[in-house]
Amino acid sequence: MSRRTDTWNEIFKHQGKVFREPHEDMPRVEKLLREHGASTVLDLGCGTGRHVVYLAGRGFSVYGLDNSPEGLRVARQWLEEEELDADLRLHNMTETLPYGDGFFDALISVQVIHHADIAAIRRIVQEMVRVLKPGGILFVTVPQLKDGKPYSWRGIEYEEVEPHTFLPLTGPERGLLHHYFTPESCREEFSDVEIVDLHADSVNHHCVLGFKR
Ligand SMILES: C[S@@+](CC[C@H](N)C(=O)[O-])C[C@H]1O[C@@H](n2cnc3c(N)ncnc32)[C@H](O)[C@@H]1O
């Protein structure tokens with residue numbers, strides 16, 4: 001099975017806004033942003049823009065990156081419909097993020113950074129931390145490993161290409177790498193972040209909330 005990186009672009013092309021409602025923790029994240037006077041926020045892997053629209057609509061200065069042109073097209077259209085503005089760019093998260101050190105007050109990334117192997121994820125996390133100011137807020141969700149297996153894959157055939165990184169061979173995301181996390185591996189990979197909350201959400205993803213050390 002050859003690996004693919006355009007899977008989500010194809011999904012967005014055929015289904016448009018797959019995700020419409022903001023993540024269930026977003027009101028809590030917004031409250032924390034306000035309490036800490038955060039203004040600039042990056043949504044890494046913004047997709048069709050549910051969090052870009054949510055945060056821009058609440059007065060934050062929002063930036064979004066994604067490698068899906070179709071996702072960004074839908075997000076831009078959504079912003080226009082809501083008469084909102086945000087800085088959206090086509091970008092592959094495995095490359096250096098196009099911002100200076102400490103540029104952002106906060107960074108969110110919902111169900112995105114697991115689409116890579118562990119070496120790439122470590123570089124991505126390093127970049128996320130680099131573009132956050134000291135004390136900046138980070139909110140990330142990643143899928144849960146349960147009994148050494150992807151938690152949510154029922155009926156999907158897959159190959160484990162390295163520990164905890166899986167390549168689905170069937171299903172809508174076939175060919176796209178997925179790395180699965182435990183609470184321990186979340187703490188390990190985000191060691192540059194002082195984690196204030198780590199819990200599982202209703203779609204079996206670990207939610208990591210914290211401050212850059
Ligand atoms: C499950 S969707 C989540 C979208 C969005 N964060 C949300 O919560 O609605 C995964 C997103 O990750 C993006 N993505 C996957 N690999 C990427 C990469 N290498 N660089 C940038 N974005 C990527 C996809 O295009 C897609 O928008």
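Modeller: Two residues are in contact when heavy atoms of theirs lie within 4.5 Å. Please bear in mind that the model is predicted.

Biologist: Leaving aside neighbours within four places in sequence, which residues is E189 in contact with?

Modeller: E189 is found in helix 6, which covers residues 183–189. Once neighbours within four places in sequence are set aside, the contacts of E189 are I118, R122, V125 and F181.

Biologist: Is E189 buried or exposed?

Modeller: The cut-off for a buried residue is under 20% relative accessible area. Because the relative accessibility of E189 is 14%, E189 counts as buried.

Biologist: Which residues come nearest to the ligand?

Modeller: The space taken by the ligand is the largest pocket. Around the ligand there are 18 residues, and those that come nearest are G45, R50, D66, M93 and V110.

Biologist: How much of the ligand's exposed area does the protein bury?

Modeller: An N or O atom in the side chain of R50 is 2.8 Å from an oxygen atom of the ligand, and one in the side chain of N67 is 3.3 Å from an oxygen atom of the ligand. V110 places a backbone N or O atom 2.9 Å from a nitrogen atom of the ligand. Taken alone, the ligand exposes 600 Å², and the share of this that the protein buries is 97%.

Definitions and conventions:
Residues numbered from 1 in each chain as written. Predicted model: local features only at pLDDT ≥ 70, side-chain atom pairs only at ≥ 80, totals over all residues. Heavy atoms only, no water. Helix = DSSP H or I, 4+ residues; strand = E, 2+ residues; numbered from the N terminus. Buried < 20%, exposed > 50% of the residue type's maximum accessible area, 1.4 Å probe, protein only. Near = heavy atom within 4 Å. Polar contact = N/O pair within 3.5 Å; in protein donor to acceptor, adjacent residues only side chain to side chain. Areas by Shrake-Rupley, 256 points an atom, 1.4 Å probe, with all protein chains shown as cover. 1 Å grid on protein atoms, 1.4 Å probe; cavity = no way out; pocket = protein on both sides within 12 Å on 5 of 7 lines; lining within 4 Å. Sits in = over half its atoms within 2 Å of the grid points.
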